[in-house]
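Have the sequence and the model open beside you as you go.

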2 protein chains.
Amino acid sequence: MLNRLSVTKTGPLSSLARLQRAYLSGTGLSPTIKELLLVKPPAVDSTVVAQGHIRSIRQGKSAGFVDVSDGSIHSSLNIVVKNPLEVFSKLQLKVGQSIAVKGQWVESQGTQEYELVYNSNDSSHSLSVIGDVPESYPIQKKATTYQNLRNYPTLRHRTSTLASILRFRSYMEAKFFEFFNSRDFVKVVPPLITSSDCEGAGEQFVVESLAKTKAPIGKEKTPEDYFFGKATYMTVSTQLHLEVLALSLNRAWTLTPCFRAEDSNTNRHLSEFWMLEAEICYIDDLEQLTAFTEEMIRYVTKDLVAKAEDSLTTGGAVDLIGSRFKKEDIEIMKGRWNSILSEEKWPSITYTEAIEIINRVMNKGRSKNRLQWGDSIQTPHEKWLAGEHFKSPLFITDYPSGEKPFYMPKSKNFDPARPTVACYDLILPEIGELVGGSMREHNYENLIAEMKRRDMNIEDMQWYLSTRINGTVPHGGFGMGFERLIAYLSAMENVKDVIPFPRVPESCQC
Amino acid sequence: MLNRLSVTKTGPLSSLARLQRAYLSGTGLSPTIKELLLVKPPAVDSTVVAQGHIRSIRQGKSAGFVDVSDGSIHSSLNIVVKNPLEVFSKLQLKVGQSIAVKGQWVESQGTQEYELVYNSNDSSHSLSVIGDVPESYPIQKKATTYQNLRNYPTLRHRTSTLASILRFRSYMEAKFFEFFNSRDFVKVVPPLITSSDCEGAGEQFVVESLAKTKAPIGKEKTPEDYFFGKATYMTVSTQLHLEVLALSLNRAWTLTPCFRAEDSNTNRHLSEFWMLEAEICYIDDLEQLTAFTEEMIRYVTKDLVAKAEDSLTTGGAVDLIGSRFKKEDIEIMKGRWNSILSEEKWPSITYTEAIEIINRVMNKGRSKNRLQWGDSIQTPHEKWLAGEHFKSPLFITDYPSGEKPFYMPKSKNFDPARPTVACYDLILPEIGELVGGSMREHNYENLIAEMKRRDMNIEDMQWYLSTRINGTVPHGGFGMGFERLIAYLSAMENVKDVIPFPRVPESCQC
């Protein structure tokens, strides 16, 4: 099935490289190691040029072995060096150097299907160092921690695992795109700069042009003192704008950065994170939203299990698994994927039922930990419910009104003594909340009454309210922290390791 | 080929609606009008529920006609109302109202393949207004301007054309994802909050937590006065971070918002816009970059022409064309697509050649407009070169060093008397610059010498410089304003009409 490259064994580097490029990529680009090993391997015995960073070096008596990686796949290309004593003493090869090798493409005896043989006595072969490294080059083939790697923000993605996480993230983003396309959603781009406040003040970042921040301070500000004519913020959630767009397009989704100036530094929070949000019109029941959420997570997960063992798969699971050295990590990943794909529908309980279960089972005999109706369900409760009690992803629905934002309508089975709203969280074992969603109040009178009750600034929200008097329709939606999902599915403990340059309080490296 | 829905003709709305939902979407969602008309039409004569906004109303003697749109496709669903006098006088139907109609699905005599018949004498039929509109509802079926529609930011996407632009944008984003996946690129998310400055100061937005902006002013700032411990900005280009990631992943791309606090309000500029950027390793010739750029634009365009006439296509061209009432717009679109897909490779000239052509042909006989070597090529020059002279997308390469940023290396044919750098712009007829790219200086000594020559702050850029001493490799890349491409391909004149909520100086509506 695979095409084989047939090129002349001799000729100068540049013309061979050009021929190889034209054939392999159709792009005029040098082939990646993934293309060489997996996608379009060259013909055996042909002369091939490969480029990448040295991941490890071993010197034997009759041959040396140089593993080269370019980050296109978790596998390294193994370079077999003939006359190793001579070559190694002359070239001073070091881990981390970028090199270009021209040699003979052969079938391998090792774990790879192919390897590249460099023979210094063959005048058609060459091996050159493109970029050197200092003695202190930190990415060595030895055990280290993800935490330590964060000290090297520009180099940590040279490691097999962290590079595979970025490839996995890219793969998953494409999967979500495929899912939403198949369900007739339009991907839209709500603004990140906003004059509104979606969920509540105090956690926002202010954004202003450098020029205007240099204006005199201390006097009352006028529109001229702002770049946009008024105070503006980075969005904490695109929901309100996404609702507007869904009310024109029926179904809309987005995947954009959101920004929260919370002063917390945990393994689940980032000041700048990516949020996947969707809004759907013409739904009238919360259960439609939870069913859709479950369908979505199952859809993007199902190929991971199916393709986990398929070595020809060029993205996703095999790449992720192949890059991990710890067997435990692989078992954790597979366990999570299988739990998502359980044959039964995920359980769904109300907040009230959750409180009852926590008190009855988790806090059995512990009188001082008992939750009162209205108390928050904390992350440890969530982890216990999904991880220990239900052993499954879990929906908790219909939380008390007082805990939730103004735009959520009353629950279907509303009880005035215990007022709740039509909302839900998706809770995952070990990490807690992944998705939060709700129906959106689409009745103008109800919405404005609730805003007045909360003493909100109605004038500033006229644009949003106007959708409720211009052909309003029932709708609902949800938001999902993208890093949390990626971390969960890839068995990474800290969201800082699934985003290239994490932003957290007191830290904006690079 | 199309599946047909077969459901009972009677029964209450809720159970029918539920059955229809389960069948049509597999999601528990109500079917979109696109699904009803195109993807999975119900069986003729079955009872069907449709929902959407009224786009137009016509009252005849024996029948009324109500066009309903939900934004999922440019087409409206035609509702044929029996007993129109009775129904219309009772229901007070108005353009803009959201309605739900339960009626008989029939083959149509009109332009659509199907229509929905509502007969008030049939007790299984129903027609109800979900959301009313005021008399002033601005989106009426009459000619207006895009400029006027911008006064209604929450309603303008109810128009056929602006909704189709958003669907087209979504379609194009998926096309780019498909292209980059096929070329082995990893989609990455560089940070938007940065402590660096990519291209030069003065046009940046400052970002700071609301809490810290309330700190006392006037004293020397210390790290504690900043949320991130230092001054931070919204990115003007993710290039520098993208280079870092490409140097670990071989090929990386991104599509993210970028922010420029320029005080200009034109039809080509936004303060918040989306930029597609790519960085590619192991290239050593500018021509690889221009060839790749051409390949990319051709790839995302080719289906538009191929599918323009195919009414079963569910995205992209047919949707875009179907939504346009002006024949001129359609001709402009098709002309642009065909020009991109010309059989010849796009022309490529150097800056020096461009100056020569402008002086010799465009400015023939006009002595006072003559350009000197080193002068900027302005947008009118660009439009003339691509639109009038070459009549084709056009690459201009090797601009004078003085006009360009520090990270660009010298041109391959460097002339010390006329120093140029290895860079290029892609110029399109009628809009000018679409893409700007270059090789990136990968040699540490050359890079730092240029930064010193420009008196740049080297300490702040150590992170970027460090990539050049840790296994550096030759690489290059480019950036493309996404809105400009969408506007060009969809024959829209103003980028404000291809992004849902445009941000420009003195304007941050909603």
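## Exercise 1: Strands side by side

In chain A, β7(A) runs parallel to strand β11 (residues 251-259), and the two pair over 2 bridges. The model is a predicted one.

**Solution.** 
- Step 1. Finish with the pair β7(B) and β11(B), which is parallel over 2 bridges; V186(B) stands opposite A252(B).

## Exercise 2: Where the chains meet

**Task.** Describe the contact between chain B and chain A: how many residues does each chain bring, and how much area is buried?

**Solution.** 
- Step 1. Count the residues: chain B brings 112 and chain A brings 112.
- Step 2. Take the area: about 9200 Å² is buried between the two chains, with 61% of it from carbon and sulfur atoms. On the chain B side, the residues that lose the most area to chain A are V189(B), F227(B) and Y282(B), together 8% of what that side buries.
- Step 3. Helix α5 (residues 160-182) of chain B gives the most to its side, with 9 residues.
- Step 4. Sort the chain B side by class: 51 residues are nonpolar, 40 polar and 21 charged.
- Step 5. Look for strands that pair across the contact. Strand β9 (residues 205-209) of chain A and strand β9 (residues 205-209) of chain B pair in the antiparallel sense over 5 bridges, and V207(A) stands opposite V207(B).

## Exercise 3: Opposite charges

**Task.** How many salt bridges lie between chain B and chain A, and how many does the structure hold over all chains?

**Solution.** 
- Step 1. Between chain B and chain A the count is 6. One of them joins D184(A) to K34(B), whose closest N and O atoms are 2.9 Å apart.
- Step 2. Over all chains, the structure holds 42 salt bridges.
- Step 3. For an example within chain A, take D132(A) and K94(A), whose side chains meet at 3.5 Å, N to O. This pair links distant parts of the chain, 38 residues apart: D132(A) lies in the loop between β6 (126-131) and α4 (146-149), and K94(A) in the loop between α3 (84-91) and β4 (98-107).

## Exercise 4: A pair of rings

**Task.** Why is the pair F179(A) and Y299(A) classed as tilted?

**Solution.** 
- Step 1. Start with the total: there are 43 aromatic pairs over all chains.
- Step 2. The ring centres of F179(A) and Y299(A) are 5.1 Å apart and their planes stand at 55°, so the pair is tilted.
- Step 3. Locate the two residues: F179(A) sits in helix α5 (residues 160-182) and Y299(A) in helix α8 (residues 286-307) of chain A, 120 residues apart.

Technical notes:
Residues are numbered from 1 along each chain as its sequence is written. Chains are lettered from A and ligands numbered from 1 in the order in which they are written. This is a predicted model: local features need pLDDT of at least 70, side-chain atom pairs count only at pLDDT 80 or more; totals for chains, interfaces and linings use all residues. Side-chain values use heavy atoms; hydrogens and water are left out. Contact means heavy atoms within 4.5 Å. Buried area is the accessible area (1.4 Å probe) that two parts lose on being put together, summed over both. A salt bridge is a side-chain nitrogen of Lys or Arg within 4 Å of a carboxyl oxygen of Asp or Glu. Helices (H or I, at least four residues) and strands (E, at least two) are DSSP runs, numbered from the N terminus. Ala, Val, Leu, Ile, Met, Phe, Trp, Tyr, Cys and Pro count as nonpolar, Asp, Glu, Lys and Arg as charged, and the others, Gly among them, as polar. Two strands pair if DSSP finds at least two bridges between them. Rings of Phe, Tyr and Trp (its six-membered ring) pair if their centres lie within 6.5 Å; planes under 30 degrees apart count as stacked, over 60 as edge-to-face and the rest as tilted.
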